[in-house]
Amino acid sequence: MQEEAPAAAPVMKVGQDTPRVRPMKTLWRRIRKPLARSRVVKQVIASIMAQAIRFVAWTNPPVKGSADVEPAIAEFSPAIAALWHGQHILGPSINPRKHRLVALFSKSADAELNALVAEKLGFETVRGSGGRAGVHSAKKGGARALIQLKRTIDQGCNVAMIADIPHGTPRQAGLGIVTLARLSGRPIVPVAIATSRRKVLEKTWDKTTINLPFGRRAVVLGEPIFVSADADDEAMEAKRQEVTASLNEATAKAYQLVDAG
């Protein structure tokens, strides 16, 4: 009986790459989700980010023409500070620590870390969707968040909101911030912050801007915008457009100031 010949070993062609084993990458894939859910890890990361924001603010002195926030707080408090997504990173650093301020953050997992950073920098936080107003926002805690913010304003405390809707049209104000102004009777104050040294994340939906140290800083405040308690849908839309235009104008001026020299 003829014996079968052993199977030939696979022939490796010259120049063919062998599979690379990446144990660190494999380990990271296994632990990144548990780490993301860890409260301790989030607190550590938030502390590091808060210190980084303080350092960036400290190493970016204000340029000539930058607004003094203190008189504005004294004149308009309690007020609603409006900022754009992606342009708000240094927001917590410009509030004098003696002033109580409550900021609205969405209920998404991504926003949780941002909320923790704000708390490390002295803010109080409310979680919910503030961009949209009406029935749809209730599912994301929007209606409840607006009620909480109104109560906060009624107590004489300033609040801060991101004006545009997450993953919506960037730098277009939503109705949520206008609704809060109507309910509370307090003004919306557009706030823009820019630094001369920065990194723009072009692939993000809002062109997130990372402020870098050792440059110049500018803060620009728009004129306060009041919304009548009896504003109808048409008036609300007009005010929404006014917030959009004023905040975009303030943002453009802030960049002009820091890039001027």
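# Close-up views of a predicted model

View 1. Numbering starts from 1 along each chain as its sequence is written, and side-chain values use heavy atoms, with hydrogens and water left out. Helices (H or I, at least four residues) and strands (E, at least two) are DSSP runs, numbered from the N terminus. Buried means under 20% relative accessible area, exposed over 50%, and partly exposed in between (1.4 Å probe, protein chains only). Helix H8 (residues 233–259) lies across E1, strand E5 (188–195) and E8, running at about 25° to E5. Contact here is heavy atoms within 4.5 Å; axes are lines fitted to C-alpha atoms, for helices over the stretch in contact, and angles run from 0 to 180 degrees between N-to-C directions. The end C-alpha atoms of H8 are 39 Å apart, which agrees with the 39 Å that its 27 residues should span at 1.5 Å a residue; the expected span is 1.5 Å times one less than the number of residues.

**View 2. The open sheet.** Its 6 strands come in the order E3-E2-E4-E1-E5-E8, with mixed pairing. Two strands count as paired if DSSP finds at least two bridges between them. At the edges sit strand E3 (124–127) and strand E8 (217–221), each pairing on one side only. From one strand to the next, the twist averages 25°.

**View 3. Strand E4 between its partners.** E4 pairs in the parallel sense with strand E2 (residues 101–105), over 3 bridges. E1 and E4 also pair in the parallel sense, over 4 bridges. Leucine 83 stands opposite isoleucine 162 in E4. Because 5 of the 5 residues of E4 are buried, the strand is largely enclosed by the rest of the structure. In a regular strand the side chains alternate between the two faces of the sheet. Here, Asn158, Ala160 and Ile162 point one way from E4, with Val159 and Met161 pointing the other way, and all are buried.

View 4. Asparagine 158 is found in strand E4 (residues 158–162), and is buried at a relative accessible area of 10%. Its side chain makes a polar contact with the side chain of serine 77 (2.9 Å). A polar contact is a pair of N or O atoms within 3.5 Å; within protein, one must be able to donate a hydrogen and the other to accept it, and residues adjacent in sequence count only if both atoms are side-chain atoms. Leaving aside neighbours within four places in sequence, asparagine 158 is in contact with Ile73, Ser77, Pro78, Ala79, Arg100, Leu101 and Val102. Serine 77 and proline 78 are joined by a cis peptide bond, with omega about -10°. Proline 78 lies in the loop between helix H3 (69–76) and E1.

**View 5. Helix H6, one face in and one face out.** H6 (residues 142–154) has 13 residues and reaches 18 Å from its first C-alpha to its last, close to the 18 Å expected at 1.5 Å a residue. Gly142, Ala145, Leu146, Leu149, Thr152 and Ile153 of H6 are buried. Seen down the axis of H6, these buried residues fall within an arc of 120°, so they line one face of the helix; the arc is that of the directions from the helix axis to the C-beta atoms. The face turned away from the buried side carries the exposed residues Arg144 and Arg151. H6 lies across strand E1 (80–83), E2, E3 and E4, running at about 150° to E4. After H6 comes glycine 156, with a positive phi near 90°.

**View 6. Two positive phi values in one loop.** Most residues other than glycine have a negative phi, and most peptide bonds are trans. Histidine 167 is not a glycine, yet has a positive phi of about 60°. Histidine 167 is found in the loop between E4 and H7, and is exposed, with a relative accessible area of 65%. Arginine 171, also not a glycine, has a positive phi of about 60°. Arginine 171 is found in the loop between E4 and H7, and is partly exposed at 26% relative accessible area.

Notes:
Predicted model: local features only at pLDDT ≥ 70, side-chain atom pairs only at ≥ 80, totals over all residues.
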